[in-house]
Amino acid sequence: MVRPFPAETRVVKVDADASAEARLVRRAIDGDGRAFATLVEPHLDLLYRIAGRAAGSAALAEDAVQEALEIVHLRLSRYTPGTSFRAFVAAIAVRRARTLLRAELRRSRREGATPDGAGPATPAELYAAEETARRIRAALAAMPEKRQRIVMLRLDAGLGYADIAAAVGTTEGSARVLVHHALRDLHEKLRDLIDGDASAVGRTKRLEP
């Protein structure tokens, strides 16, 4: 039988990781590009995932992540060592993706064009997938912005309530309440999709407060 590491060992590892991260942050602030790359590389998959969900477009997600990384670099001095760096960068990526999406929708309305990603009808599977994605984006977009950011940090980034609270500037209790309301809203708007997918129900229940 594999025995778990003693609690003291886990604490030492967490402290060591936090110290290493703090050193990378200081070096990045001082202009060390390699340190910055090392700092953000573990979080890139997460950033692309949540940016894609927020923007609903691979092209916008790509731009959002690149701009988010620039913002993260500029705001490193605002990061509080010891708090979740994952939450810090994820919150910036969500905000940037939503900003770019709003700008794209305004441009599309001015030009009378369809939003990026819409195309001619293709096989039924592709249409169904696009329709599902569209409904999820619409359900998220209908939420107040703060609630939308919080539920994406919970569902896509998998952050805990304390990290979410720190990322958006609220209390842990408030974060729990906002996640609860957001999940309820999503379930109501997407009931037919969720009820038809047992695995989706399981994922939602595991993430409920």
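Setting aside residues within four places in sequence, H43 is in contact with F85, R86 and V89 (contact means heavy atoms within 4.5 Å). This is a predicted model, in which local features need pLDDT of at least 70 and side-chain atom pairs count only at pLDDT 80 or more, while totals for chains, interfaces and linings use all residues. Residues are numbered from 1 along each chain as its sequence is written, and side-chain values use heavy atoms, with hydrogens and water left out.

**Overall make-up**

- The protein has 11 helices and 0 strands (DSSP runs numbered from the N terminus: H or I of at least four residues for helices, E of at least two for strands).
- Along the sequence, the pattern reads α-α-α-α-α-α-α-α-α-α-α.
- Of the 209 residues, 34% are buried (buried is under 20% relative accessible area, exposed over 50%, partly exposed in between, with a 1.4 Å probe and protein chains only).
- Take the contacts with a separation of 6 or more: 65% of them join residues 24 or more positions apart.

- H43 sits in the loop between α2 (33–40) and α3.
- The relative accessible area of H43 is 12%, so H43 counts as buried.

**Helix α3 (residues 44–55)**

- L46, L47, I50, A51, A54 and A55 are buried in α3.
- Viewed down the axis of α3, the buried residues fall within an arc of 140°, so they line one face of the helix (the arc is taken over directions from the helix axis to the C-beta atoms).
- G56 follows α3 and has a positive phi, near 70°.

- α4 has 17 residues and runs 24 Å from its first C-alpha to its last, close to the 24 Å expected at 1.5 Å a residue.
- Its buried residues are L60, A61, A64, V65, A68, L69, I71 and V72.
- The axes of α3 and α4 come within 8 Å and cross at roughly 125° (axes are lines fitted to C-alpha atoms, for helices over the stretch in contact, with angles from 0 to 180 degrees between N-to-C directions).
- That angle makes α3 oblique to α4 (under 35 degrees is roughly parallel, over 145 roughly antiparallel, 65 to 115 roughly perpendicular, and the rest oblique).
- The α3–α4 crossing is right-handed (the near helix is turned clockwise from the far one by less than a right angle; anticlockwise is left-handed).
- On the α3 side, the contacts come from L44, L47, Y48, A51, G52 and A55; on the α4 side, from L60, A61, E62, A64, V65, Q66 and L69.
- A58 belongs to α4.
- A58 has 69% relative accessibility, so A58 counts as exposed.
- A58 lies 8.6 Å from Y48, C-alpha to C-alpha, at 10 residues apart in sequence.

- α7 (residues 145–155) contains R147.
- R147 is at 18% relative accessibility and therefore counts as buried.
- Not counting residues up to four places away in sequence, R147 touches L178, H181, A182 and D185.
- α7 and α8 pack at about 140°, with their axes 10 Å apart.
- That makes α7 oblique to α8.
- α7 passes α8 in a right-handed crossing.
- K146, R149, I150, L153 and R154 of α7 meet Y161, I164, A167 and V168 of α8.
- α8 (residues 161–168) and α9 (residues 172–189) pack at an angle of about 100°, and their axes are 8 Å apart.
- α8 and α9 are therefore roughly perpendicular to each other.
- Y161, A162, I164 and A165 of α8 meet E172, A175, R176 and V179 of α9.

**R135 in α6**

- R135 is part of helix α6 (residues 124–141).
- With a relative accessible area of 22%, R135 is partly exposed.
- R135 and K189 are 54 residues apart along the chain, with their C-alpha atoms separated by 8.5 Å.

Methods
Expected span 1.5 Å × (residues − 1).
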